[in-house]
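This report describes the sheet of a protein model and the packing of its helices. The sequence and structure are shown first.

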Amino acid sequence: MAKKDRKAGKRNQPPPALRELLRIPEDEPVDLSSYDSRATPGGPPDKAAALAAVPPLAQRLAGLQERLYAASTAGDRRRVLLILQGMDTSGKGGTIKHVIGHFNPAGCRIRAFKTPTAEERSHPFLWRVRQALPEPGEVGIFDRSQYEDILIARVRELVPRRDLSRRYGQINRFEQGLADNGVTIVKVYLHLGHDEQRDRLLARLDNPDKHWKFSPSDIEDRELWPAYQEAYELALHRCSTAAAPWYLVPADRKWYRNWAISTLLLEHLEALDPAYPEADFDVEESRRELLAAD
């Protein structure tokens, strides 16, 4: 092929899947400062275009979720787990509201992980996560997750470094086991800019209706921003695997965040391609009986 023809061929190729664009490479150090938190990789050109893309996305997501749930009634054990991690105000709750709202709530299992309770602290750190996993046919959503036990634990020095270091491997083995058991894991790091977080925190202070979402400890955590960035870089580096890769979603633009996570979920569900189960009864006989009963 001539050089000009090769270029034309490249122009005609479909764009790469978003999960390829946003995926954190395996076995490579992560430098979060090299990622633009206002970028929109692979996304619509602007907010209006992103909002226009939502209805058809939502329709496709809802249809695939129904098929996944229906398939489980015939023994299909597959399910999806969306894990959301990010700094305060990065949009974990907003994602649940705007993206998971596309799904039938009857087929979703949402869990927000907060400070461990006394009972949870009495068990190994993965215990409480196992209790919250989605059942076959469900879409599970974690607002924070097992990663809190290598993020906050590292920054706040809650666990000896020797024990903390072991947890990366424990998490990888845990996630590999989930994948082997039919769980498609979609781990999303919401990459928020330092200035954007300040603006969002100020917006909460300026609105009395949002004061409940603010805590003075948010300021203390903000002062620990460099330590948290380092902790996230380590988690993204050491726990992005073939079975459970990490996806970095720039989160300063909420419209892009919502579009990107919706698209990531759609790509994973389309890859699963769940099917409605065939009837295990005589459809025509049932139709005759039903009509005869009237």
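## The parallel sheet

In this predicted model, strand E1 (residues 79-86) and strand E3 (residues 139-143) pair in the parallel sense over 5 bridges. Strands (E, at least two residues) and helices (H or I, at least four) are DSSP runs numbered from the N terminus, and two strands pair if DSSP finds at least two bridges between them. Val80 has Val139 as its bridge partner in E3.

The open sheet is formed by 5 strands in the order E2-E3-E1-E4-E5, with parallel pairing. Its edge strands, each pairing on one side only, are strand E2 (108-112) and strand E5 (246-250). On average, neighbouring strands of this sheet are turned by 20° against each other, direction ignored. Helix H11 (residues 225-238) packs on the sheet and touches E1, strand E4 (183-191) and E5; the direction of H11 makes about 150° with that of E4. Axes are lines fitted to C-alpha atoms, for helices over the stretch in contact, with angles from 0 to 180 degrees between N-to-C directions.

## Helix H7 against H8

The axes of helix H7 (residues 148-155) and helix H8 (residues 161-180) come within 10 Å and cross at roughly 160°. The two helices are therefore roughly antiparallel to each other, a term for angles over 145 degrees. H7 passes H8 in a left-handed crossing (the near helix is turned anticlockwise from the far one by less than a right angle).

In contact (heavy atoms within 4.5 Å) are Asp149, Ile150, Ala153 and Arg154 of H7 with Arg161, Leu164, Arg167, Tyr168 and Ile171 of H8. These residues divide into 5 nonpolar, no polar and 4 charged. Ala, Val, Leu, Ile, Met, Phe, Trp, Tyr, Cys and Pro count as nonpolar, Asp, Glu, Lys and Arg as charged, and the others, Gly among them, as polar.

## Helix H7 against H11

The axes of H7 and H11 come within 9 Å and cross at roughly 145°, and this crossing is right-handed. From H7, Ile150, Leu151, Ile152, Arg154 and Val155 meet H11 residues including Ala227, Tyr228, Glu230 and Leu234. By class, the contact has 10 nonpolar, no polar and 2 charged residues.

## Confidence and conventions

The chain averages a pLDDT (the predictor's confidence in each residue, from 0 to 100) of 93, and 96% of the residues score at least 70. Over residues 1-6 pLDDT stays under 50, and the model has 1 contact beyond four places in sequence for them.

Residues are numbered from 1 along each chain as its sequence is written, and side-chain values use heavy atoms, leaving out hydrogens and water. Local features need pLDDT of at least 70 and side-chain atom pairs count only at pLDDT 80 or more, whereas totals for chains, interfaces and linings use all residues.

Terms used. Angles under 35 degrees count as roughly parallel, over 145 as roughly antiparallel, 65 to 115 as roughly perpendicular and the rest as oblique.
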